[in-house]
Amino acid sequence: MLLKELNIVNFKNIGEATLNFIAGFNCFVGKNGVGKTNILDAIYHLSMCKSYFHLSDIQNIRHDEPFFVVQGKYERNNDKIEVYCGVKRGFKKVFKRNQKVYDKLSEHIGLLPLVMISPEDVVLIDGGSEERRKLIDGIISQCNRNYLHQLIRYNKALQQRNALLKATAGKYLDLEMVEIWNEQLAESGESIMQMRIHFLEEFRTVFQTYYKQLSLGREEVELVYKPAVADGGLLTALHDSLERDRYLNYTTVGIHRDDLVLNIGKYPVRKIGSQGQKKTFLIALKLAQYAWLNQMSGIKPLLLLDDIFDKLDADRVSQIVKIVGGKQFGQIFITDTNREHIDEILKMQQVDYRLFTVDKGDILMSV
């Protein structure tokens with residue numbers, strides 16, 4: 001899959017830009033804070049219908065402007081696809097594929113598979129379990145529509161159960177209504193858990209292979225799925241937790257409390273990992289995500305690398321470029337602050353690349 005052309009109007013600090021890309025490496029260089037990452041986020045938005053950085057749609061509109069528009073022209077399995085995203089203050093987001101408006105944004109997820117690697121990813125290690133669940137859910141949802149459907153159904157039931165608990169605090173509680181939400185949570189939750197377990201059985205081996213390549217075999221790593229409730233016991237757990245849930249006014253058990261344990265050796269990478277080890281761990285996770293999406297969809301996702309070479313030694317940088325420059329990877333977008341650094345790295349690996357300079361939201365192709 002290729003992104004041939006990107007059009008941006010009033011997205012974050014970018015006033016207007018039309019960019020044409022090559023099939024290899026597309027690199028954006030400039031000082032920190034000039035808008036390099038915003039270009040990647042615009043590309044991410046067209047695949048995932050939202051910002052990578054958890055910003056609301058309104059927050060992505062350029063200061064004092066009434067709207068933003070991001071459009072992309074793609075080639076996917078010889079099909080030409082045009083995607084449009086428009087957000088206007090006070091109006092609902094408009095998302096189109098080939099001029100046709102989507103009824104539900106979830107219908108778009110998976111059409112344009114994409115993987116982004118960013119310094120923000122450190123939250124997967126240092127943050128709470130919610131961030132690691134989002135990683136698993138995001139990967140599986142891009143290739144498994146049933147998983148996305150079950151996840152949406154589970155989250156809606158969870159919201160309804162929590163709303164019921166809150167509304168009836170200190171009052172009469174309709175147990176039949178609670179049971180309706182319990183059954184929906186248990187049915188969808190058990191299905192989600194099984195799909196997560198099956199996914200991780202395949203995914204962890206790919207992840208370990210990439211980590212070994214990036215670290216030159218220096219450390220062993222593992223991913224351990226930690227469910228909050230044992231397999232097959234979610235409905236019972238919901239019944240048993242009702243008294244506690246009523247006291248706290250929210251649902252305390254379920255697959256929304258599961259975690260993914262990230263270890264180097266047998267110890268949490270959060271506690272013992274150096275900055276370089278953490279970054280290598282995260283990059284290996286995302287490269288494994290790329291490989292899995294490619295295998296499941298038969299399409300090479302877009303790969304977005306945001307300032308990933310910082311704090312990595314020369315050996316690891318060389319390994320990353322060597323890996324992503326291989327035939328199993330497709331179109332790649334990179335940001336960096338040092339043009340000479342990028343030129344040196346990519347010329348050394350003898351890969352095709354196009355370079356853009358970015359300054360205060362202005363983007364120019366370099367020669």
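Me: How far apart are the end C-alpha atoms of α9?
Reply: Helices are DSSP runs of H or I of at least four residues, and strands runs of E of at least two, numbered from the N terminus. The expected span is 1.5 Å times one less than the number of residues. For the 23 residues of α9 this gives 33 Å, and the end C-alpha atoms agree, being apart by 33 Å.

Me: What kind of model is this?
Reply: Residues are numbered from 1 along each chain as its sequence is written, and side-chain values use heavy atoms, without hydrogens and water. Local features need pLDDT of at least 70, side-chain atom pairs count only at pLDDT 80 or more, and totals for chains, interfaces and linings use all residues, as the model is predicted.

Me: How many of the 23 residues of α9 are buried?
Reply: Buried means under 20% relative accessible area, exposed over 50%, partly exposed in between (1.4 Å probe, protein chains only). α9 is largely enclosed by the rest of the structure, because the buried residues number 18.

Me: Which residue just after α9 takes a positive phi?
Reply: The helix covers residues 275–297. The phi just after α9 is about 75°, at glycine 298.

Me: Which helix supplies the largest share of the lining of the largest pocket?
Reply: A pocket is an open set of points on a 1 Å grid over the protein atoms alone, where a 1.4 Å probe fits, with protein on both sides within 12 Å along at least five of seven lines; lining residues have an atom within 4 Å of a point. The lining has 39 residues, with Lys50, Lys134, Leu135, Asp137 and Gly138 nearest the centre. α1, β8, α2, α3, α4 and α9 each give at least two. Nine residues, the largest share, come from α3.

Me: Which elements do the buried residues of α3 pack against?
Reply: Leu135 and Asp137 are among the buried residues of α3, and both are among the residues nearest the pocket centre. Packing partners of the buried set are α2, α4, α5, β10, α8 and α9.

Definitions and conventions: Contact means heavy atoms within 4.5 Å.
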